[in-house]
Amino acid sequence: MKKKKSIIIIGAGIGGLCSAARLLKEGFDVTIYEKEPLVGGRANRIVQDGYKFDTGPTLLMMTDVLYDTFSYCGKNLDDYLELIQLEPNYRVTFSDHTTITVSSNLPKLQEELKKIDPKAPEQFYRYFSDVAEMYRISRGKFIDKNFDKLSEFISIRSGSKLLSKRGLSKLWNFVGYYFKDERLKQLFSFQSMYLGVSPYEAPAIYSVVSYMETGLGIWYPKGGMYSLSIALEKLVKDLGGKIVTNTSVQKVLIEDKKTTGVLLDNDKIVKSNIVLCNSDLVYSYQKLLPSDLNYKSNFRKPEQLKQASSALLFYFGVDHPLDNMLHHNVYLCKDFKNNLEEIFDSKTLPSDPSFYTYIPTKTDPDLAPKGKNILYILVPVPNLEGNNDWDKGIKTIRAKILSRLKSEYDIDLSKSIKTERVFTPHEFESKFNLTSGSAFGLTHHFLQSGYFRPHNISRKIKNLYFVGASTYPGGGIPMVTLSAKLVVERIIDDNK
Ligand SMILES: Cc1cc2nc3c(=O)[nH]c(=O)nc-3n(C[C@H](O)[C@H](O)[C@H](O)COP(=O)(O)OP(=O)(O)OC[C@H]3O[C@@H](n4cnc5c(N)ncnc54)[C@H](O)[C@@H]3O)c2cc1C
């Protein structure tokens with residue numbers, strides 16, 4: 001019998017787990033080494049005083065890519081995970097206390113939009129039909145595709161279709177073409193902050209995220225987002241894969257410009273035919289690969305690549321019903337532009353933070369002790385490249401958030417917090433090896449999108465590949481799941 005080719009995957013994030021499952025199905029012998037005790041990477045969990053906190057991603061969209069991963073492996077996602085569609089999707093509260101509840105139920109959304117501007121429903125339908133078309137074009141031509149040559153990326157026909165939809169303008173300008181009210185412009189552009197890029201810098205193509213939310217729905221995996229990590233871990237194990245946790249890889253081993261395996265943190269050498277890095281791409285180039293080879297990731301050196309912003313997280317276990325709040329809520333600050341300039345340009349901590357809250361216990365009370373709630377708060381902040389006093393800044397931001405929630409709902413949460421934990425960009429760096437503590441990996445400006453994003457294959461070292469948020473198509477669970485599909489297609493092609 002022919003011996004199976006062995007492959008080591010560095011990291012059990014969503015990218016590593018989805019790749020492992022597909023590779024096992026293709027007959028590879030797969031071992032994952034994960035430095036942390038739990039799988040899932042950024043999609044992780046902290047259990048404290050009976051509260052189960054999801055630590056990273058909270059909104060699940062474009063679920064077809066997950067179904068596809070399971071069915072590719074001959075399994076059904078529904079046997080591993082219960083997905084619940086949220087209705088409504090989320091509520092946005094502006095600084096003037098107006099709110100809008102975003103729903104995939106379009107007649108309901110239309111009524112909400114009317115509250116802001118009577119012309120808004122008509123503007124929305126024009127916008128929605130254009131972003132739906134942009135999603136359709138980019139999904140087939142730009143997102144779900146490996147690139148070797150620039151000419152493959154610039155397909156004249158789809159490129160000109162995207163141009164006709166203003167797909168290459170900046171997201172903020174693009175949204176302003178449809179909507180006149182400042183609040184509506186914010187409503188349809190703030191999402192890019194959660195990809196770690198300012199709407200003033202993001203290409204308009206990222207408006208597809210708002211299509212993904214409204215057009216494809218927002219989903220919640222029962223048991224919390226961490227259940228997705230567990231489901232993928234089970235899938236890998238069911239297919240015969242090995243996952244070794246609490247084990248960090250120190251170096252990728254190379255001989256004659258070919259990978260030969262890895263050196264673990266316990267100084268043990270493990271041989272393999274192929275190495276796939278799910279660890280952050282820039283970190284992998286800078287720390288796991290020999291520096292003397294002067295790698296260029298696609299056509300730039302790793303240190304020339306730009307990191308996205310980050311996130312400061314507060315996980316509160318509260319003894320409060322949190323009435324009037326939904327499963328997902330967004331609070332935008334008074335000076336939206338200044339908030340973005342602080343995070344993305346001057347890289348200072350936000351003086352008046354915008355933030356997002358996630359209360360999974362609204363849908364799934366079992367995540368907290370009886371009658372209590374989980375309140376997860378994500379504040380977009382700069383990555384660690386800025387010069388900030390984090391200890392002082394965290395206290396100030398915490399106080400400002402509690403004060404904003406008091407002004408919105410007249411509740412004094414400080415008395416109801418039973419347990420709490422803060423998660424900072426420093427922890428993104430130390431726990432998950434994310435360069436500059438960027439929660440979202442490489443940023444998504446034009447020159448780091450599509451073909452221009454670092455490729456998932458090394459052009460200098462044979463049998464070395466990359467998967468995850470910092471290669472293409474980009475960050476977020478759906479894109480990372482697709483990145484696994486794309487890298488596995490490459491590995492299969494290279495090993496035919
Ligand atoms: C706060 C936050 C909120 C988010 N919200 C959303 C959301 O709502 N919806 C959404 O779709 N996406 C969201 N995202 C983005 C999404 O979580 C990420 O894009 C995705 O989880 C990244 O997966 P990955 O596999 O690329 O990398 P990671 O999750 O970073 O996995 C990489 C793994 O490699 C391990 N590793 C690193 N170095 C080594 C080493 N030397 N040896 C062994 N192991 C190593 C790490 O420990 C980690 O487990 C959010 C991210 C964050 C941080």
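This is a predicted model: local features need pLDDT of at least 70, side-chain atom pairs count only at pLDDT 80 or more; totals for chains, interfaces and linings use all residues.
Figure 1. The peptide bond from tyrosine 472 to proline 473 is cis, and its omega is near 5 degrees. Most peptide bonds are trans.

**Figure 2. Proline 88 and the cis bond from glutamate 87.** A cis peptide bond, with omega near 0 degrees, joins glutamate 87 to proline 88. Proline 88 belongs to the loop between strand E5 (83-85) and strand E6 (90-93).

**Figure 3. The shell of residues around the ligand.** The ligand has 36 residues around it, of which Gly11, Gly13, Gly15, Gly41 and Gly468 come nearest. Two or more residues of this shell are given by each of helix H1 (14-25), strand E14 (310-318) and helix H15 (477-494), and the largest share, three residues, comes from H1. Sorted by class, the shell is made up of 18 nonpolar, 14 polar and four charged residues. At least three residues are drawn from domain 1 (6-83 + 223-305 + 442-494), and at least three from domain 3 (307-431).

**Figure 4. Domain 1 and domain 3 where they touch.** The chain is divided into domain 1 (6-83 + 223-305 + 442-494), domain 2 (110-217) and domain 3 (307-431). Between the C-alpha centres of domain 1 and domain 3 the distance is 28 Å, and 16 residues of domain 1 are in contact with 19 residues of domain 3. On the side of domain 1 that touches domain 3, strands E3 and E4 each supply at least two residues, and E4 gives the most, with four residues. By class, this side of domain 1 holds five nonpolar, seven polar and four charged residues.

**Figure 5. Two aspartates with positive phi.** Most residues other than glycine have a negative phi. Aspartate 49, which is not a glycine, has a positive phi near 50 degrees, and its place is in the loop between strand E3 (45-48) and strand E4 (51-54). Aspartate 49 counts as exposed because it has 12 C-beta neighbours inside 10 Å, and a residue with 12 or fewer is placed in that class. Aspartate 410 likewise has a positive phi, of about 55 degrees, without being a glycine, and it is located in the loop between helix H13 (390-409) and strand E18 (417-423). With 8 C-beta neighbours inside 10 Å, aspartate 410 therefore also counts as exposed.

**Figure 6. The buried side of helix H7.** In helix H7 (residues 171-178), the buried residues are Leu171, Trp172, Phe174, Val175 and Tyr178. These residues lie on the same side of H7, because they cover an arc of only 160 degrees around the axis. The buried residues of H7 pack against helix H4 (120-143) and helix H8 (182-187).

Figure 7. Lysine 234 is part of helix H10 (residues 226-238). It counts as partly exposed because it has 15 C-beta neighbours inside 10 Å, a number that falls between the limit of 12 or fewer for exposed residues and that of 20 or more for buried ones. Along the chain, lysine 234 and alanine 21 are 213 residues apart, whereas their C-alpha atoms are separated by 9.7 Å.

Key: Residues are numbered from 1 along each chain as its sequence is written. A residue is near a molecule or strand if its C-beta atom, placed from the backbone, lies within 6 Å of it. Ala, Val, Leu, Ile, Met, Phe, Trp, Tyr, Cys and Pro count as nonpolar, Asp, Glu, Lys and Arg as charged, and the others, Gly among them, as polar. Domain bounds come from an automatic or database domain assignment. The arc is that of the directions from the helix axis to the C-beta atoms. Two residues are in contact if their C-beta atoms, placed from the backbone, lie within 7 Å.
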